[in-house]
Amino acid sequence: MQAAQLLKYDKNFKLVVKDIPRPTPADNEVLVRVKAAAVNPLEKLIGTGYVKLMEKYSLPVTMGNELSGVVESVGKNVTKFKVGDEVYSRLPLNKIGAFAEYAVIDYRAVAMKPTALDFVHSAAVPLTGLTAYQGLTEELGARPGESVMIPGGSGSFGQMAIPIAKEMGLRVMVSGNARSKQSALDMGAEQYFDYREQNYWEHLELVNYVIDTVGKKELDHELQVLKPNGRLLSLIMLPNGQFAKDHHMPFWKTALFAVAGHSIDRKAKKFKADYRFIFVRSDGEQLKRITKIVEKHSIKPAVDPTEFKLADINRAIDYVTNGHPKGKVVIRF
């Protein structure tokens, strides 16, 4: 089968598409014939070695973190899925491999895809959906009636985070581009700030939580709108010592992450805030809950219209990194 593999970590890495043997599922795995695989900024972080301290892969490794497809065969312990099932997954951190014609996946990381979505749009759900769900429930511990602000929430993350937050009984505020305003309001956002017209930090009442999708350049403004003892969760800034402790990392890694995140922690403390970082994991049961939300709210993730095949993988990663995609970039098989 064809697969796109990382041969070495490099700041200018390129994946190599090559023929490798088709895998056989272990007892707790399913073999999925891949129909679509989404390309994310995470690919760049993995390829450059940025996340080696969190997850270091033995090279060569087949890349790709989320997919949709059809179950081709199942391991002997698998009873929840059968041949022909249409499924999707955020693959386990320690065994990625969505950029291939076939992938073996632990069945506990798999769920039936939303019935109303095709394979391409289904492939755009797992990573952002689980990030939003785990971020709100586990990292923030958000409760009904509380409020969350999502700067830069007009993109693919916001499409999942807004309805999930509303389902949890949260009040949701968002900033982003003008063209996404109406769709965000339709999904349940109470306030929307067009970043070209308004500075949200000058108009927003203080909130319990902020989810950062923009990065460190926005840190001061994000902390500024938090209530005392509020919590800031970042998807893209640096991990810190708390992240290492939460993931039961060894002392030396905890010390390194504590140093890496020290400046952010120090600034958050000045605002009496708590800083968290998330590196989303696979979870089939959570994905089932997300599926129900997607179907209940008729969510259809935005997918960039540019068609990429597996042979175009490096061009697709570059487009995600340096272009301006109009939604998730997807490899079609």
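1. Packing of H4 against H11. Helix H4 (residues 156–167) and helix H11 (residues 284–296) pack at an angle of about 100°, their axes lying 10 Å apart. Axes here are lines fitted to C-alpha atoms, for helices over the stretch in contact, with angles running from 0 to 180 degrees between N-to-C directions. The two helices are therefore roughly perpendicular to each other, a label given to angles of 65 to 115 degrees. Helices (H or I, at least four residues) and strands (E, at least two) are DSSP runs, numbered from the N terminus.

2. Basis of the model. The model is predicted: local features need pLDDT of at least 70, side-chain atom pairs count only at pLDDT 80 or more, and totals for chains, interfaces and linings use all residues. Residues are numbered from 1 along each chain as its sequence is written, and side-chain values use heavy atoms, with hydrogens and water left out.

3. H4 contributes Met160, Pro163, Ile164 and Glu167, and H11 contributes Ile290, Ile293, Val294 and Lys296; contact means heavy atoms within 4.5 Å. By class, six residues in the contact of H4 with H11 are nonpolar, none is polar and two are charged. In this classification Ala, Val, Leu, Ile, Met, Phe, Trp, Tyr, Cys and Pro are nonpolar, Asp, Glu, Lys and Arg are charged, and the others, Gly among them, are polar.

4. Nonpolar cores. The largest nonpolar core has 63 residues, of which Leu15, Val39, Leu67, Phe99 and Ile105 touch the most other members. Such a core is a set of buried Ala, Val, Leu, Ile, Met, Phe, Trp, Tyr and Cys residues joined through side-chain atoms within 4.5 Å. Strand S3 (residues 29–39) gives the most to this core, with five residues. A second, separate core of 36 residues includes Leu130, Tyr209, Ile278 and Val294.

5. Surroundings of Leu67. Not counting residues up to four places away in sequence, Leu67 touches residues including Val32, Val34, Tyr88, Leu91, Ile105 and Pro126.

6. Cis peptide bond. The bond from Leu59 to Pro60 is cis, with omega near 0°. Pro60 lies in the loop between helix H1 (41–47) and strand S4 (61–62).

7. Positive phi outside glycine. Lys272, although not a glycine, has a positive phi of about 55°; Lys272 is in the loop between helix H10 (262–270) and strand S14 (274–277). At 59% relative accessibility, Lys272 counts as exposed. Buried means under 20% relative accessible area, exposed over 50%, and partly exposed in between (1.4 Å probe, protein chains only). Ser298, also not a glycine, has a positive phi of about 50°. Ser298 lies in the loop between H11 and helix H12 (313–322) and is exposed, with a relative accessible area of 63%.

Notes
Angles under 35 degrees count as roughly parallel, over 145 as roughly antiparallel, 65 to 115 as roughly perpendicular and the rest as oblique.
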